[in-house]
Structure formats: C-alpha cells, structure tokens
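Let's take a walk through this structure together. Please keep the sequence and the 3D view side by side as you read.

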Amino acid sequence: MGTIYAIANQKGGVGKTTTAVNVAACIAEAGYPTLLVDIDPQANATVGLGLPKDGRPSVYDVLSGAATADEAIRPSDVAGLSVLPSHPDLAGAGVELPRTAGSEGRLRDALEPIRERFAYVLLDCPPSLGPLTVNALVAADRVIVPVQTEYFALEGLAGLLDTLSLIRRELNPRLTVAGMILTMHDGRTRLARDVEREVREHFPSLVFDTVIPRNVRVGEAPSFGRPVIHHDPHCSGSDAYFELAKEVAARG
Ligand SMILES: Nc1ncnc2c1ncn2[C@@H]1O[C@H](COP(=O)(O)OP(=O)(O)OP(=O)(O)O)[C@@H](O)[C@H]1O
Ligand SMILES: [Mg+2]
C-alpha cells in the first residue's frame, strides 16, 4: 500500500506546486509508480505537467461522485507518473462540499480503490485551509510543508500545525508531518540565511536537510509543461529536488 503525502501551506506562492510536481517526478523517475492529485482549482500542477486545465473527467468529478478516480487518472510524459487533474470547476467544490455531512472523507474514499497501484501519492493543495485542503489532509498519511525563506516565513506555521493537530484528533489519527522544506532559498542574502536558521531553531526535527535554491530553470519549467528534471536535469534545482525526494523516501 502506497503512502499519501499532502503538500500544504495556507500561505500562497511558497512552492507547494513546484515541490509536488518535482518530488513526484523524481520519485517516478526512480522507478516507483506515482500519482499526483491536483486538488487546487488553479490547476498549476496539471498544467505544469503538460495536461489541459479543463479536461474531463477531473478531480472535481471524482469529488462530486460523477467519476471514479480510475476513470479520471491520466498518464503524464514522465514515465511512471500519473495525474489526477484539476479543473476550474473545483473552485465551486469549496462551497458545495461542506453542505453534505461527511464530505471531508470524499477524496480519501475515492483514492482507496486505486492507492495500491501507486507507491507514492502526492496531493497538491490550494493556498487555504478550506474544504479542499481538509479533504487532502483527511486522505493523507503525511504532510510536507513548503516554507519560503522570506520574511514572514514563520507566520502562519503555528496555525497550520494547530490545524494538523485538530485534523489528527477529529478526522485522521494517522496524519503526521513528514517535514518542512525550505524553498526559493537565495543563499547570497543574509535574510534567507537568517530565516533558515530561525525556522531550523523553531522546528529542529521537522526541517529537511535539503534546501531548494531559487533557480530560474525551476521557475520556467512549468511553462514548458514539464518538471525541472526533464527541463534541465543538471541544474541546481534538479539536484535539490532529487535530494529532497531521497530524504522524503528515507523518512518513510
Ligand atoms: N526554487 C524556485 N526557483 C525559482 N522559482 C520558483 C522556485 N519554486 C517556485 N518558484 C516559482 O514561484 C512561484 C510560486 O511557486 P508555486 O506555484 O510552486 O507556489 P504555490 O505554493 O503552489 O502557490 P499557490 O499558493 O498559488 O498554489 C511560481 O511561479 C514558481 O514557478
Ligand atoms: Mg500551487
């Protein structure tokens, strides 16, 4: 049975999608069947892997019960990496879902029949702690929290950890934090180094050793519809995401 990771942080633009796409690609490249579920109506992960953002059936149809996960999953250009794509309609699910009792478990239940086919399932969450992220956290075994090494990085992390505790207590007792990953790090600036030190001091056991550098190739890869390891396998961003994927797998 595979492990399900939610990539979550309610703060926007911290590198959730970039981390989800590239860790998924690295793990698949290493030979493990991997599924990326795009549960963000922005559909950045879907588009970043070269799929259309308005294809059907999508994760919206899966959450609303109109399609099974098996019907909605599509292959990507990365060998071994499948995608359960998003759709702009998913924006409405944030409103529709809470109207039905037990809707927090929709994604978990939908993934149940297919999870044995994948060694790893990664869930790319939207920048909020709303119903879609709650669905992801109920379906997940572990959470990876990307943290941008910028001023205000720590802001919101305490709230996020409180939410994780609440979900663990009320809805998903097996949920644990796999780790925090420092992203878009610019080692030349004192600010980035200070923020890194501060986050490591606050959460000594949680922060991954690997740090993702700010790297132009990482930023431009999605516009070609591919992960950075296919866009430029030898850039610093590809090296870092390979290292992170190894750390994630090693933490089990
Ligand atoms: N290591 C990096 N180097 C350069 N650019 C990066 C890096 N990581 C992410 N980016 C860019 O920063 C922006 C935000 O990253 P990303 O979309 O992964 O964040 P996010 O947390 O998923 O955002 P949202 O909250 O909107 O879903 C994107 O344009 C992305 O290409
Ligand atoms: Mg995103």
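Helices (H or I, at least four residues) and strands (E, at least two) are DSSP runs, numbered from the N terminus. This is a predicted model, where local features need pLDDT of at least 70 and side-chain atom pairs count only at pLDDT 80 or more, while totals for chains, interfaces and linings use all residues. Residues are numbered from 1 along each chain as its sequence is written, and side-chain values use heavy atoms, with hydrogens and water left out.

Start with ligand 1. A residue is near a molecule if one of its heavy atoms lies within 4 Å of it. Around ligand 1 there are 17 residues, and Lys16, Thr17, Thr18, Pro213 and Asn215 come nearest. Helix 1 gives the largest share of this shell, three residues. Helix 1 (16-29), strand 8 (207-213) and helix 10 (216-220) each supply at least two.

The table lists polar contacts, pairs of N or O atoms within 3.5 Å.

| Backbone atom of | Atom of ligand 1 | Distance |
|---|---|---|
| Gly15 | oxygen | 3.0 Å |
| Thr17 | oxygen | 2.8 Å |
| Pro213 | nitrogen | 2.9 Å |

On its own, ligand 1 has 630 Å² of accessible area (Shrake-Rupley method, 1.4 Å probe), and the protein covers 80% of that area.

Now look at the sheet. Two strands pair if DSSP finds at least two bridges between them. Eight strands form an open sheet with mixed pairing, in the order 3-4-2-5-1-6-7-8. Strand 3 (74-75) and strand 8 are the edge strands, each pairing on one side only. Strand 8 pairs with strand 7 (residues 176-185) in the parallel sense over three bridges, and Leu182 stands opposite Val211 in strand 8.

Notes: Chains are lettered from A and ligands numbered from 1 in the order in which they are written. A polar contact is a pair of N or O atoms within 3.5 Å; within protein, one must be able to donate a hydrogen and the other to accept it, and residues adjacent in sequence count only if both atoms are side-chain atoms.
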